[in-house]
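Work through the following exercises with the sequence and the coordinates side by side, and try each task before reading its solution.

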Amino acid sequence: MVDIATRVYNHKWKIDPIVRSLIDTDFYKLLMCQSIFRNTRDTTVTFSLHNRSKSIRLTELIDEGELRQQLDYARGLRLTRGESTWLRGNTFYGKRQMFRPDFMEWFEGFQLPPYHLEVRDGQYDLTFEGKWHEVMLWEIPALAILMELRSRAVLNAMGRFELQVLYARAMARVWEKIEALKGIPGLRIADFGTRRRHGFLWQDWCVQAMIEGLGDAAKGGAFTGTSNCLIAMRRDLEAVGTNAHELPMVYAALAETDAALREAPYKVLADWQEEHEGNLRIILPDTYGTKGFLEHAPDWLAGWTGIRIDSGDPVDGAETAITWWKSRGEDPTQKLVIFSDGLDVEKIRELHEHFAGRVRVSFGWGTLLTNDFRGLVPDDGLAPFSLVCKAISAEGRPTVKLSDNPEKALGPTDEIARYKRVFGVGQQEAMPVVV
C-alpha cells in the first residue's frame with residue numbers, strides 16, 4: 001500500500017502528476033462522449049470552471065505557473081495500449097465491447113484540446129471551446145487539477161510528522177464511516193468521488209478501504225464499484241456511471257423554439273435508449289425540475305431501470321418518482337433509485353431506512369468519501385469546496401441548468417427565467433450546497 005504521507009513529503013510532480021491518464025476520469029464521461037461522438041460530434045461547445053465557494057480565492061492559493069504545468073501535462077496524455085485493451089475488451093454493465101470500434105479508433109489518437117486561462121477577481125477563469133466530444137473530456141481533469149493543487153498548497157507547509165498524523169487521522173475517519181456503513185443491511189454503494197477528490201492517491205486509498213471494509217459486490221459485498229476508470233481498471237472493479245446534466249443542457253441550448261426546448265430533455269434520453277439498456281437506463285430528471293419532467297415524460301421512460309436523485313430534498317425527489325411510477329402502472333419495488341447529492345453516513349443511513357423495501361436503493365458517495373479533511377488542519381484549510389466545470393454555451397447559445405435546488409442554477413438571468421416559464425418551474429426551496 002502506498003505511504004501517502006511520505007509520497008506527499010517527498011513530492012516530485014513528474015512522479016505524481018495530478019492527472020496521470022486519459023482514463024483517470026469518470027465512466028459516465030466516456031459513455032456520454034461515445035454518444036456525442038456518434039450523434040452530435042459537429043456541435044461546438046464551451047465549458048467553463050465555476051467556483052461556487054467564493055470565499056475560496058483560488059488565485060491566492062494556487063500558483064498560475066504550476067496550474068499551467070499540470071494542464072499542459074494532461075494535454076500530453078494519450079491512451080496507453082493497456083487502457084485501450086481494457087476499454088475494448090472488458091465487460092461493463094454485463095456488456096462486452098461497450099465502446100464501439102469507430103469510437104475507440106478516434107479515442108486512441110485523442111489528446112485534450114487547448115485551454116484558455118485568465119485570472120479574474122481572485123478566481124481562475126478556465127475555459128475550453130471546441131467540438132463537444134473533445135472539450136467535454138476536460139471537465140474531470142480540470143476539476144481534479146484545481147482541487148489537488150489547492151490541497152498541495154496547504155500540505156506544502158507541513159512537516160513529515162504533521163503529514164503522517166494528518167493522514168492517519170483522515171484514514172481513521174474514513175474507516176469509522178465504513179464501520180458505520182457495515183451495519184446497514186442490503187447496502188449498495190459506489191465511489192463517485194473523482195470530481196472533487198483530495199488527490200488521486202487518496203481516492204485510490206479510499207476505494208481500497210471500501211473494498212476491504214464492505215466487500216466487493218461481485219463477491220457478495222456492498223461496494224458496487226467506482227466511477228473512476230483508471231482505479232476500476234487497476235483494482236479490477238466495476239466502472240460505474242450513466243449520464244449527466246451536460247446532455248440535456250446542450251440539447252436544450254440547441255432548441256430553436258420553446259416547444260423544441262420543452263422536448264429536449266426527452267430527446268436526449270431517446271438517443272440514449274438507442275445505445276444502452278438495463279442498468280444504464282437511469283433517468284437524471286432534475287436539470288429542469290424533477291416534478292415537471294416526470295409529469296410530462298413519455299410513457300416509455302417509465303419502463304427504464306431507475307432514477308438518480310442529485311439535487312433538492314432527496315426524500316421528496318424519490319417520493320415523487322415512486323408516485324410517478326405507480327401512476328404509469330410500474331412497480332416501484334423493482335425500480336432503482338440512486339442517491340448522489342451531498343452524501344455522508346447519516347444521510348445514507350436515513351435514506352436507506354426510509355426507502356428500503358419500497359425501491360431498490362443505491363448510493364453514489366462523492367466528496368465526503370474522497371475529500372473529508374474537515375477540521376484536520378488550522379483554519380479548516382482542507383475543507384472541501386464546491387467547484388464545477390459546466391457547458392456554458394452550445395453553438396454560441398447559452399446553456400441553462402435549473403436543478404431542484406435554485407442555489408445550483410446556472411446560466412444568464414433572462415434565460416433562467418425563460419426556462420422556468422417553459423418548464424413550468426414554480427417556487428423552489430433553496431438548500432445549502434453540500435459538496
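**Exercise 1.** What is the order of the strands in the open sheet, and which pairing do they show?

*Solution.* In this predicted model, the open sheet consists of 5 strands in the order β4-β5-β1-β12-β13, and the pairing is antiparallel. At its edges stand β4 and β13 (397-398), each of which has a single partner strand, so that one side of each is left without a neighbour in the sheet.

**Exercise 2.** Determine which residues of α4 are buried, and where they lie around the axis of the helix.

*Solution.* Begin with the extent of the helix: α4 comprises 12 residues (64-75), and the span of 16 Å from its first C-alpha to its last is close to the 16 Å expected at 1.5 Å a residue. Taking buried to mean under 20% relative accessible area, the buried residues in α4 are Leu67, Gln70, Leu71 and Ala74. These residues cover an arc of only 100 degrees around the axis, which puts them on the same side of α4. The cover over the buried residues of α4 includes β4 (116-120), β5 (123-131) and α8 (139-155).

**Exercise 3.** Identify the residue that caps the N-terminal end of α4.

*Solution.* The cap is Asp63, which has a side-chain oxygen 3.0 Å from the backbone nitrogen of Gly65.

Key
Residues are numbered from 1 along each chain as its sequence is written. This is a predicted model: local features need pLDDT of at least 70, side-chain atom pairs count only at pLDDT 80 or more; totals for chains, interfaces and linings use all residues. Side-chain values use heavy atoms; hydrogens and water are left out. Helices (H or I, at least four residues) and strands (E, at least two) are DSSP runs, numbered from the N terminus. The expected span of a helix is 1.5 Å times one less than its number of residues. Buried means under 20% relative accessible area, exposed over 50%, partly exposed in between (1.4 Å probe, protein chains only). The arc is that of the directions from the helix axis to the C-beta atoms. Contact means heavy atoms within 4.5 Å. A polar contact is a pair of N or O atoms within 3.5 Å; within protein, one must be able to donate a hydrogen and the other to accept it, and residues adjacent in sequence count only if both atoms are side-chain atoms. Two strands pair if DSSP finds at least two bridges between them.
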